[in-house]
Structures are given as structure tokens and as C-alpha cells.
Amino acid sequence: MTTSGGALGGKSFLASARPSSNVEQVLKNVEWPEQFPFKEEDFQRDDVSPDSLFYKAPRFVTHIDDPAIAALTKFYSRVLPPSNSPGVSILDICSSWISHYQAGYKQERIVGMGMNEEELKQNSVLTEYIVQDLNVNPKLPFEDNSFDVITNVVSVDYLTKPLDVLKEMSRILKPGGQAIMSFSDRCFWTKAISIWTSTGDTDHVLIVGSYFHYAGGFEPPQAVDISPNPGQSDPMYIVYSRKASTT
Ligand SMILES: C[S@@+](CC[C@H](N)C(=O)[O-])C[C@H]1O[C@@H](n2cnc3c(N)ncnc32)[C@H](O)[C@@H]1O
């Protein structure tokens, strides 16, 4: 496909770029339109009140079921730097009281960014935290090339300025550093962007893949389906990439 995003629009792009319902195949050989195919209306939400109101009270809950959490933790145990690796820094964006890394996981610096201070304070893996509404201010307050890994769990669907956030992620990752975005099929419906709530799991993989592609600075994104017991537990998908070494 070589048409511009303007000619097709977000939903048409998804329909034409989704030749397979297999999550692991869908990011292979995508012919991305020249321009980002999504429009402002795709990032609107039913609840337009400030996110600070919605997240004012802490929620000490898990947002996916235990098997899905276990699958994510297992995935992290394969791809994250070993615990206590000298000089490693990790950032968890849209973080809460839990980050799902392996039990006892430690690094010199693990920063959590989220909306609720009480939740972040309780997150024992974090060495520091920052409360910041990324939909108001998508600038990540860190130096260029400073993180080895950035994680984001079941929250990418709440970002209304995802390209700005992903560009920032690319800026602050070290060359070769990894960005790992994971999501399921559950969300706070009124706070998720409309292109997410009006589409399905395979489309979500394409949407997150497009964020990597159009933000720039990343290697082609890949998808993996780590759903633990299809049909019985929450599904779990990962779209990930590395910061290109040449930027
Ligand atoms: C469903 S929870 C997931 C929390 C955590 N990642 C986990 O796996 O349990 C969504 C998270 O997204 C964060 N979030 C939502 N909107 C945000 C925004 N506008 N800016 C920054 N973080 C946001 C909230 O703080 C909340 O912790």
C-alpha cells in the first residue's frame, strides 16, 4: 500500500493492513502508509474529564488475571537484563503499585511514572517515581540515551498523544535499548481512545506497531502472543522494539 494516511483513514488502514488474525503475523511485512493513518478523532475518549480525577483514588488491584500476569513475568524474565546488572536503568510508564518483573528483581535505577502517588509509593521494585499526566505533558523528564528498557503494561490504550510519548521513549532509550508494550483485552472503557474501543486484538497490535513505526528511531516492531490459556484466561500480547543503533 502506498496511499497516504489522509486518503485512507485509521479504520480503513486497519482493515487493509490486517491480512491475518494471527497476532504474531500481523506486523510482518506491513506496508505502512506514508503518513500516520490515524486522526485526532481516533484519540478521543468518552470521558473527557482530566485523568487526574479518574486516577485520584488509588486502586490496589490487578488489571489482568493471575495467569496473564505470570505469562508477562515469564516473558520479562527472558528479555530483561539480569537482576543487579551494573549501570542498568529501567523505566515503567503508566506504572502503579506493581510492575510484574520477576520477584526480587533489582537494578540500580528503576523509575515508575504514573498518575497516582499512593500506588507508586507502594511499588517495591521502583527506586524512584514521578507523577505525570502524559496526556497533558508527554515529555519524559530524562536525559537522552539514559534507559536500557522501557515497559508499559495494559495502558497504551489510554495515551491520547502516543506518537509524542513514543518519540520521547526513542530519545531517552540507549541505542539498542528495548521498549516493551503489553496489553490484554480489558480496559477502563471510558478512558481508552476510540480507535482502541472500536477495534479488536489484532488491530490493537497494528495500532501499537504503528506508534513505533511513525515515532521513528526504532527497529521494525514485532508482536508476540503470550496468552496463557487461550479462551480461559486474559489474553496477553506484546509489541516490542529496540531503539535503532544508528540514531
Ligand atoms: C490499567 S492501569 C495499569 C497499571 C499498571 N501498569 C499495571 O500493570 O498494573 C493504567 C495505568 O495507566 C496510568 N495512566 C492512565 N492515564 C495516564 C496518563 N494520562 N498519564 C500517565 N499515566 C496514565 C495510570 O496511572 C494507571 O496506573
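**A walk through a predicted fold**

Hi everyone. Let's start with the record: an unreviewed UniProt entry lists residues 108-180 as "domain: Methyltransferase type"; such positions use the numbering used here, feature names are shortened, and annotations may be inferred rather than shown by experiment. Residues are numbered from 1 along each chain as its sequence is written. This is a predicted model, where local features need pLDDT of at least 70, side-chain atom pairs count only at pLDDT 80 or more, and totals for chains, interfaces and linings use all residues.

The protein chain has eight helices and seven strands; these are DSSP runs numbered from the N terminus, with helices being H or I of at least four residues and strands E of at least two. Within residues 108-180, 22% is helix and 34% is strand, and the end C-alpha atoms sit 19 Å apart.

So what is buried? Of the 247 residues in the protein chain, 42% are buried, meaning 20 or more other C-beta atoms, placed from the backbone, lie within 10 Å of a residue's own.

Next, the middle. The largest nonpolar core has 61 residues, and I150, M181, V205, A223, Y237 and V239 have the most contacts inside it. Such a core is a set of buried Ala, Val, Leu, Ile, Met, Phe, Trp, Tyr and Cys residues joined through C-beta atoms within 7 Å. Helix α8, residues 201-215, gives this core its largest share, seven residues.

Which residues does I150 touch, leaving aside neighbours within four places in sequence? They are L91, I93, M169, L173 and A179, where contact means C-beta atoms, placed from the backbone, within 7 Å.

Technical notes: Buried ≥ 20, exposed ≤ 12 C-beta atoms within 10 Å, placed from the backbone. Contact = placed C-beta atoms within 7 Å.
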